[in-house]
Amino acid sequence: MTSTANTARSAALQQVSADAPHVAEYEGWWQVPDGLLTKAQLADLEFPRRPTETPAGRVWSEDFRGRPDRLLVDLYRPEACLPTGASAAQLQAAAARSTTRSYQCAVCGCRPERTLDSSNPLCQVCSHIQRLQRQQNKARQAQRFAADRLAEAMTWPGAVVLHTTEKGQLTSSGRPRPPLSARISAVAAADGRKLLDVTVSLVTSPRARLRDPDATPAAEITDKVIAVLGGKPLICWAHNDIATLSRAVPYDWPATEHHTQRPRLVTIETWSTAWRAQLTAKGGPIPARHPGTADRLWLHLTRIVASADLGDVERTAGYPEGIEPSG
Ligand SMILES: [Zn+2]
């Protein structure tokens with residue numbers, strides 16, 4: 001909020017405390033409970049009402065006429081407001097003249113008392129459904145795009161599906177200690193064959209008190225890890241897989257995602273979310289979870305690839321407009 005808006009706001013607050021009983025104040029329209037109407041909305045009711053002397057609440061609103069400060073808009077409870085003086089005949093005449101007001105939803109046929117925009121007369125539920133359907137259509141486009149993209153990555157020659165985890169411990173006060181070891185597992189993208197499953201110690205000092213008894217010292221295993229993964233296209237869930245790999249086995253691992261330059265790397269978390277294409281009831285994407293292990297990640301990927309082979313689906317040339325590949 002600007003300082004002018006703050007001044008306007010505190011002036012308004014003083015005004016409220018000086019001459020009115022407590023009136024609820026809302027920070028924005030999102031906070032206003034259903035059923036409170038502005039003066040203009042009371043006038044636009046099918047059977048219009050006069051605002052009460054004291055509003056039931058106030059809301060801070062943008063000034064839609066382009067002025068920079070926010071406005072404090074009065075809100076009323078229509079049940080508490082008296083009818084205007086307009087007679088049935090006057091209301092009928094006004095309705096006949098109006099070209100912008102509608103009191104019937106074009107889809108479900110409900111008849112709200114509040115006016116609907118006659119260019120697209122939809123009730124709240126129908127416009128919500130319409131918005132969700134649009135979001136589902138976009139999600140479906142993103143799903144096809146993700147499937148195509150990952151199907152291509154799975155055919156990269158020598159591609160490896162990689163999964164890493166770190167084993168840590170907590171201090172006695174519950175804070176995480178630096179990880180003791182890293183488990184690196186990998187399967188071949190082509191057939192899911194196990195290529196690697198090693199646990200590498202991340203503790204370098206030989207005298208360190210804490211170490212993972214199941215972990216192999218990095219010096220003994222570095223060559224093997226590099227022989228399996230070095231220079232190969234890597235497919236993993238997220239960048240932390242590469243970070244863990246680099247911590248355990250220092251090497252020139254690909255740092256950024258690339259589909260064309262070598263070495264290739266793709267992190268699939270956002271693609272997986274896009275492919276699942278499941279939305280919340282509010283229309284946001286539901287983030288995908290890691291399947292759990294390298295071989296399960298491979299299974300997930302093969303299912304994605306299979307869905308890309310459906311053939312007659314419409315292909316999009318770029319990432320569908322309006323959908324971010326992030327989660
Ligand atoms: Zn409706």
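Student: What span should the 15 residues of helix α8 (residues 294-308) have, and how far apart are its end C-alpha atoms?

Tutor: At 1.5 Å a residue, α8 should span 21 Å. The rule is 1.5 Å times one less than the number of residues. The end C-alpha atoms are 21 Å apart, so the value agrees. This is a predicted model, in which local features need pLDDT of at least 70 and side-chain atom pairs count only at pLDDT 80 or more, while totals for chains, interfaces and linings use all residues. Residues are numbered from 1 along each chain as its sequence is written.

Student: What makes a stretch a helix or a strand?

Tutor: Both are DSSP runs, numbered from the N terminus: helices are H or I with at least four residues, strands are E with at least two. The chain comes to eight helices and 10 strands.

Student: Why is I184 called buried?

Tutor: Buried means 20 or more other C-beta atoms within 10 Å of a residue's own, exposed means 12 or fewer, and partly exposed lies in between; C-beta atoms are placed from the backbone. I184 has 24, so it is buried. I184 sits in strand β7 (residues 181-188). Of the 327 residues of the chain, 23% count as buried.

Student: Which residues are in contact with I184, leaving aside neighbours within four places in sequence?

Tutor: They are T164, L196, V198, V200, V225, L245 and A248. Contact requires C-beta atoms, placed from the backbone, within 7 Å. V225 is 41 residues away along the chain, and its C-alpha atom is 8.6 Å from that of I184. Across the chain, take the contacts with a separation of 6 or more: residues 24 or more positions apart account for 60% of them.

Student: How do you know that the buried residues of α8 line one face?

Tutor: The buried residues are A294, L297, W298, H300, L301, I304 and A308. Down the axis of α8 they fall within an arc of 160°, so they line one face. The arc is that of the directions from the helix axis to the C-beta atoms. The face turned away carries the exposed residues R303 and A306. The buried residues pack against α4 (124-154), β6, β7, β9 and α7 (269-276).

Student: What makes a set of residues a nonpolar core?

Tutor: Its members are buried Ala, Val, Leu, Ile, Met, Phe, Trp, Tyr and Cys residues joined through C-beta atoms within 7 Å. The largest core has 42 residues; L150, V161, L162 and I235 touch the most other members. Two or more residues come from each of α4, β6, β7, β9, α6 (239-248), β10, α7 and α8. α4 gives the most, eight residues. A second, separate core of seven residues includes L37, A56, L75 and Y76.

Student: What does L162 touch, not counting residues up to four places away in sequence?

Tutor: L162 touches A186, L229, L234, I235, C236, D241 and A294.

Student: How do you know that β6 (residues 160-167) and β9 (residues 234-236) pair?

Tutor: Pairing needs at least two bridges found by DSSP. β6 and β9 run parallel and have two bridges, so they meet the cut-off. V161 has I235 as its bridge partner in β9.

Student: Which strands make up the open sheet that holds β6 and β9, and in what order?

Tutor: Five strands run in the order β8-β7-β6-β9-β10, with mixed pairing. β8 (194-201) and β10 (265-267) are the edge strands, each pairing on one side only. Neighbouring strands are turned by 20° against each other on average, direction ignored. Such angles are taken between lines fitted to C-alpha atoms (for helices, over the stretch in contact) and run from 0 to 180 degrees between N-to-C directions.

Note on methods: Contact = placed C-beta atoms within 7 Å.
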